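Here is a short report on one protein chain. Look at the sequence and the 3D structure first, then read on.

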Amino acid sequence: MAMFFQGDKVEVCSKEEGFLGSYYQAKILSPLNDNTVYRVQYKNLVEEEDQTRPLVEIVSADEVRPVPPPVTFTKATQVFHYLDSVDAFDNDGWWVGKITGRLGSKYWVYFETTRDEIAYPVSRLRHHLEWRDGHWILANDTFF
């Protein structure tokens, strides 16, 4: 498990019902309890009572991962293929889904957790990466 320090930029994987499979950008405000939990401030989520203030929460270390590296593409690899695992940016976070089709410049993404299928421009998509044993793994098990 990675250790994070004050100021580190991270993503928090939500385990709440209705938010499973979503990742939210945040920054570490402070590690707590020997790095078993972290106090984080979200980049795009706000307090319910005061929507001018960023949301601050205490989250478990197993919900925190580094921000994925940007994946460099050539023109030939800037496309997504049927059933590729992707993250789609929507509702202030990245949601894990699968490519189910393409229409013009938009890709259709199916979200298993919500059973929704939504079209997105390529600018709101990224290849889904998993953080395992200190390495980024693409859906086809390529290490970064």
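Which residue forms a salt bridge with Asp 90? The partner is Arg 124, with the closest N and O atoms 3.5 Å apart. The pair links distant parts of the chain: Asp 90 sits in strand β6, Arg 124 in the loop between β9 and β10, 34 residues apart. Keep in mind that this is a predicted model.

## Salt bridges

Side chains of opposite charge can pair when their charged atoms come close. The structure holds five salt bridges. One of them joins Arg 126 and Glu 11, at 3.0 Å from N to O. Arg 126 lies in strand β10 and Glu 11 in strand β1, so this pair ties together parts that are 115 residues apart in sequence. Arg 126 is buried, at 16% relative accessible area. Glu 11 is buried too, at 0%. Shared partners join Glu 11, Arg 65, Asp 87 and Arg 126 into one network.

Asp 62 and Lys 15 also meet in a salt bridge, at 2.9 Å. Asp 62 is partly exposed, at 46%. Lys 15 is partly exposed as well, at 48%.

## Paired strands

Strands β2 and β3 run antiparallel, joined by six bridges. Ser 30 stands opposite Arg 39 in β3. Four residues lie between the strands of this hairpin, where Asn 33 takes a positive phi near 50 degrees.

Six bridges also join β3 to β4, again antiparallel. Here Val 46 stands opposite Pro 54 in β4.

## A buried valine

Val 59 belongs to strand β4. Its relative accessibility is 4%, so Val 59 counts as buried. Beyond its close sequence neighbours, Val 59 contacts several residues, including Val 12, Tyr 38 and Val 64.

Technical notes
Residues numbered from 1 in each chain as written. Predicted model: local features only at pLDDT ≥ 70, side-chain atom pairs only at ≥ 80, totals over all residues. Heavy atoms only, no water. Helix = DSSP H or I, 4+ residues; strand = E, 2+ residues; numbered from the N terminus. Buried < 20%, exposed > 50% of the residue type's maximum accessible area, 1.4 Å probe, protein only. Contact = heavy atoms within 4.5 Å. Pairing = 2+ DSSP bridges. Salt bridge = Lys/Arg side-chain N within 4 Å of Asp/Glu carboxyl O. Lists of a residue's contacts leave out its neighbours within four places in sequence.
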